[in-house]
There are 2 protein chains.
Amino acid sequence: MRARPRTTPRKAPRQARSRATVDAILAATAQVLVRDGYDRTSTNKVAEVAGVSIGSLYQYYPSKEALVAALIERHMQRLAALLETKMIEVGEAPVPVAVRALLSALVDAKTLEPKLQKVLMEQVPRVGRLCKVAQMDKHFEDLLRGYLQMRHAQIRPTNLDAAVFLLVTTGAAVTHAIATDRPEHISVEELVDETAEMVMRYLRPDAPAHDRDEDDDELPARAPVTELHPLPS
Amino acid sequence: MRARPRTTPRKAPRQARSRATVDAILAATAQVLVRDGYDRTSTNKVAEVAGVSIGSLYQYYPSKEALVAALIERHMQRLAALLETKMIEVGEAPVPVAVRALLSALVDAKTLEPKLQKVLMEQVPRVGRLCKVAQMDKHFEDLLRGYLQMRHAQIRPTNLDAAVFLLVTTGAAVTHAIATDRPEHISVEELVDETAEMVMRYLRPDAPAHDRDEDDDELPARAPVTELHPLPS
DNA sequence: GATATCTATGAGCTTTAACTCACATTCTCT
DNA sequence: AGAGAATGTGAGTTAAAGCTCATAGATATC
């Protein structure tokens, strides 16, 4: 029985020439994946499209899976970096603003190359366990947990673990669907709004029963999502 | 370049003997898929495990993809039937009860054979366009849209199309994740509760600002999810 | 410019899974 | 019983993707 192939790069390029080769290989991989789909992508075809010999390809990547793994890793790292940046950017903003900004940023990022996004994500289970994707996921969860903890006074859910699981799952799936499977008759804006609405209502504390004279530490029940103002702290 | 393989069955069994053969083939497909994963599943191996000759297999299915497509189709049909049954069962129940019941039923169904569930769903994109999966998805959406329309007086979202897209995407992803990727330290119950809570808060109309003397047509702001009572109609 | 290392080449070997087909067996029906 | 249809068989063909290796060229370093 064929063993599961390795997915780690074989060796790193050291000179400028070889770095160019590796870049060409990865670019060609993306191109062929999008053009032909995963099944009909082969290392021979990738090498041909990249304009390098099949031998060169195998100098750096031991298998087709390794090629895809490298692309996925790069892709996830970009997303993680984006998310982290955005999170710092909106860290002080009111929760509704932050939620919408993060969702919107994710959708935008995934919309840049929707076909590549789609193919790569479809291959994550195949390649995932063998590269750093699991760590990335963990990282996303940690980021979100940190945020929720920081904001715990303004947030309803008490079961943080469950909330993080639910929100990460939902966020990943919905932004991916919006970027790659959106029916034409619904706009991206509408969908992002609707998603932000759902997440906000999930996070938002219940409106207190008593009259609201006092200065409490909660989000307004219907914060205007577009308005950017500092929180009462 | 290799063409995309057909995924429709070649011919239907007519006698009891051949029906048994086809059953054995599908059972073996499921078993090998779970044991070895998609990539290392081959038609030869499936035939061997099924105890039939490779020739017999090709009498009924023209490719490996066709085998998986058949399994996926059967699987989706079961889910669809379950969902439809449950929906009728809870059609008259209050929305919170219905939401929780549907989510719970889906998670239960997907938890029965989590590994098979996982492998099959991972192959949907590969096989999906060529079998009836898209129709199934459409069917789910129609079911939900019907329900939301029926309940529109008790429900907040006005953009039905967006709501249906969001809820179907979320429901599919989250129930799948709960059944196949749940971290051990969180219970299924907790996760289903949390999900139901999110969906409910998304669907629930805003509590009116005025005092609630009158008999209005909305859900109670915090309906106890476990209690089953007829709606005011 | 000599030497060692890094890099590139591509014909071709190996492996494996997909798939066929000529023939054998079993079933159905009169 | 017997004819024709349905079903089952598996060795063998085909196709193609994965991958190696002997060789050659490029670059760095002294």
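**A conversation about the model**

Guide: Let us begin with Pro157(A), whose place is in the loop between helix H7 (133-150) and H8 of chain A. Please keep in mind that this is a predicted model.

Visitor: Is Pro157(A) buried or exposed, or something in between?

Guide: Pro157(A) is partly exposed, as 19 other C-beta atoms lie within 10 Å. A residue needs 20 or more such atoms to be counted as buried.

Visitor: What does Pro157(A) contact, apart from its neighbours within four places in sequence?

Guide: With those neighbours set aside, Pro157(A) is in contact with Ala163(A) and Leu203(A).

Visitor: Let us follow Ala163(A), then. Where is Ala163(A) found?

Guide: Ala163(A) is found in helix H8 of chain A. It counts as buried, because it has 23 C-beta neighbours inside 10 Å.

Visitor: And what does Ala163(A) touch?

Guide: Not counting residues up to four places away in sequence, Ala163(A) touches Leu148(A), Pro157(A) and, from the other chain, Glu194(B). Ala163(A) and Leu144(A) are 19 residues apart in sequence, with 9.6 Å from C-alpha to C-alpha.

Visitor: Glu194(B) takes us across to chain B. How many residues does each chain bring to the contact between A and B?

Guide: Chain A brings 29 residues and chain B brings 29 residues. On the chain A side, helix H6 (114-128), helix H8 (160-181) and helix H9 (188-203) each supply at least two residues.

Visitor: Which of these gives the most?

Guide: H8(A) does, with ten residues. By class, the side of chain A that touches chain B has 15 nonpolar, five polar and nine charged residues.

Visitor: While we are on chain B, where does Glu141(B) lie, and what does it touch?

Guide: Glu141(B) lies in helix H7 (residues 133-150) of chain B. Leaving out residues up to four places away in sequence, Glu141(B) touches Val164(B) and Val168(B). Glu141(B) is partly exposed, with 16 other C-beta atoms within 10 Å. The C-alpha atoms of Glu141(B) and Leu167(B), 26 residues apart along the chain, are 9.0 Å from each other.

Visitor: A change of topic: the DNA. Which residues come nearest to DNA strand D?

Guide: Of the 25 residues around DNA strand D, the nearest are Ser42(A), Arg14(B), Thr21(B), Ser53(B) and Gly55(B). Two or more residues of this surface come from each of helix H2 (43-50) and helix H3 (54-60) of chain A, and from each of helix H1 (16-36) and helix H3 (54-60) of chain B.

Visitor: How do H1(A) and H6(A) pack?

Guide: Their axes come within 9 Å and cross at roughly 90°. H1(A) is therefore roughly perpendicular to H6(A). The contact is made by Ala30(A), Leu33(A) and Val34(A) of H1(A), together with Lys115(A), Leu116(A) and Val119(A) of H6(A). By class, this contact of H1(A) with H6(A) has five nonpolar, no polar and one charged residues.

Visitor: One last residue. Where does Val90(A) lie?

Guide: Val90(A) lies in the loop between helix H4 (64-89) and helix H5 (95-112) of chain A. Beyond its neighbours within four places in sequence, Val90(A) is in contact with Val97(A), Ala98(A) and Ala101(A). Val90(A) is partly exposed, with 19 other C-beta atoms within 10 Å.

Terms used
Residues numbered from 1 in each chain as written. Chains lettered and ligands numbered in written order. Predicted model: local features only at pLDDT ≥ 70, side-chain atom pairs only at ≥ 80, totals over all residues. Contact = placed C-beta atoms within 7 Å. Helix = DSSP H or I, 4+ residues; strand = E, 2+ residues; numbered from the N terminus. Nonpolar A, V, L, I, M, F, W, Y, C, P; charged D, E, K, R; others polar. Near = placed C-beta within 6 Å. Buried ≥ 20, exposed ≤ 12 C-beta atoms within 10 Å, placed from the backbone. Axes fitted to C-alpha atoms, helices over the stretch in contact; angles between N-to-C directions. Parallel < 35°, antiparallel > 145°, perpendicular 65-115°, else oblique.
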